[in-house]
Amino acid sequence: MALAFTNSLTRTKEPFVSIRPGEVGLYTCGPTVYNIAHIGNFRAYVFEDLLKRTLQYCGYRVRHVMNLTDVDDKTIRDSRAAGLSLDDFTQRFKEAFFADSKVLRIAPADVYPAATAHIPEMITLIQALIDKGIAYRADDGSVYFSIARWPNYGQLVHIEAEQMRPGTRVSHDEYAKESVADFALWKSWSEDDGDVAWDSPWGRGRPGWHIECSAMSARYLGPHFDIHCGGVDNMFPHHEDEIAQSEAANGCRFVNVWMHCAHLVVDGVKMSKSLGNFYTLRDVLQRGWSGREVRYVLLATHYRQSLNFSFRACEDARAALQRLDAFRERLQDAARLPDSDTAPAAAAAQAAEAGFRAALEDDLNISAALATLFDLVREGNRLLDAGTVAGAAAKAILGTLERLDSVLAVMAPDEDAGVPADIQALADARQAARKAKDFARADQLRDQLAAAGWVIEDTPKGPRVRRR
RNA sequence: GGCGCGGUAGCCAAGUGGUAAGGCGAAGGUCUGCAAAACCUUUAUUCACCGGUUCGAAUCCGGUCCGCGCCUCCA
């Protein structure tokens, strides 16, 4: 089975063939840095991370570009409200984004181009569209892309311009357009923009939203590249417009494969501040969930399926991960023993690896991939119980787990915050009581620990205290 | 009006023609001073509903019901 992805352009699953053998150019729409990204945003980034790691697992070298939208209506509006320069304002949210990405173990992109650092590229692109007669400068000084002059428009969302119903969000200041469906490439300066403006052949102003991705993807990946991702909500108009701009300006196909992930919902409904179900990663961490637990929740649902986030799902993830942890600990202990027969362990490990790879190659079927992982856990535990996994056999399974984790990135536990001194003192007192066979006293201390939110486990190496 | 997505066990979730993966939970067992943790076993005659095609359908076709998303700057 070879790699295959569902292409939003054709809406079918297609074999994946890279433009250059062994290499993939990947562009993923990044954050608009006007606030802290929420877990719905990170659902998309985790999906893209899974895609990238899968490509790498399958042997591709991936060149990954993720843009940072640091100039748009919202960044301008909110930076002015905060009394900060645009750069100072967006810088904080860029840093927050990188920090949160790291917590979620998202592998960094190769390049994070910022829109404000690529204005000349955008101007060049817009000029090319004007020169070709596809874009026009309106009376208000803005430049628009004319959909009437680009018959290929609509290939991604499969719509006809006539069928578009003017939405309620059409802004009043865009009356200068020839057609409601036309979209801005360059927006002339208005008072609301304050000091945010660049010079251009059409006067002072700032770029439209879509143009940055066309300009920056071409700069870092070329005019024609392999895969472009984002959330479904970006299909229209953002990606549709990108295609129009890029193909009209460059005269070649823009992207071979478009991949879009479905929305994250919370308890079955869209996340929104007014419903009180709006969470940033930080909100979730504050409730005691770790980065990898959240990553697992975001990862474990297939990307084209809407993901229902809930704290119940976090609990399930924690339990599943603890089971993986326990399995790896058992294997690490067994690896120090003299070698056993390696055949059964090797067979289980190979079966898991083959199944895992086949599942991910099939349009990132993460559920099937995780199923093969847990099949290996069960089979491995059985073999450990039977004493047929020791030494090299245990190391073989650990090696497989490590390779699977190069894609999943969920196996290494998060940093433990440690045990407070007073809690440890209670645990020590309980152990002393147990030694003295004063079990009533020991149980009473255990209850005290439980009331404080800690559980105690008596292992062969002594008692271990753990938060619950 | 247009374009889409989805309804599979208590919960989450694969499977798109060959007779229901996996995770969580629950129940039983092993271990333990008792627990906890861990491990093992069990846990859907059935895939929203009604017809149809087929030797055979959760999977294909027609219809019905229900939930959700997008239609100009929300991942």
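1. Basis. This is a predicted model: local features need pLDDT of at least 70, side-chain atom pairs count only at pLDDT 80 or more, and totals for chains, interfaces and linings use all residues. Residues are numbered from 1 along each chain as its sequence is written, chains are lettered from A and ligands numbered from 1 in the order in which they are written, and side-chain values use heavy atoms, with hydrogens and water left out.

2. RNA surroundings. 58 residues lie around RNA strand B (a heavy atom within 4 Å). Ala181, Lys187, Gly231, Asn234 and Asp385 come nearest. By class, the surface has 20 nonpolar residues (Ala, Val, Leu, Ile, Met, Phe, Trp, Tyr, Cys, Pro), 23 charged (Asp, Glu, Lys, Arg) and 15 polar (the others, Gly among them).

3. RNA side. Sugar or phosphate supplies 60% of the RNA strand B atoms within 4 Å of the protein. Bases supply the rest.

4. The Asn41 side chain places an N or O atom 3.4 Å from a phosphate oxygen. Base nitrogens are also reached: by a backbone N or O atom of Leu264 at 3.0 Å, and by a polar side-chain atom of Arg312 at 3.0 Å.

5. Elements. H11 gives the largest share of the surface near RNA strand B, nine residues. Helices here are DSSP runs of H or I, at least four residues, numbered from the N terminus.

6. Helix pair. Residues in H1, including Phe42 and Leu50, meet Arg295, Leu298 and Leu299 in H8 (heavy atoms within 4.5 Å). That contact has six nonpolar, no polar and four charged residues.

Note on methods:
A polar contact is a pair of N or O atoms within 3.5 Å; within protein, one must be able to donate a hydrogen and the other to accept it, and residues adjacent in sequence count only if both atoms are side-chain atoms. Helices (H or I, at least four residues) and strands (E, at least two) are DSSP runs, numbered from the N terminus.
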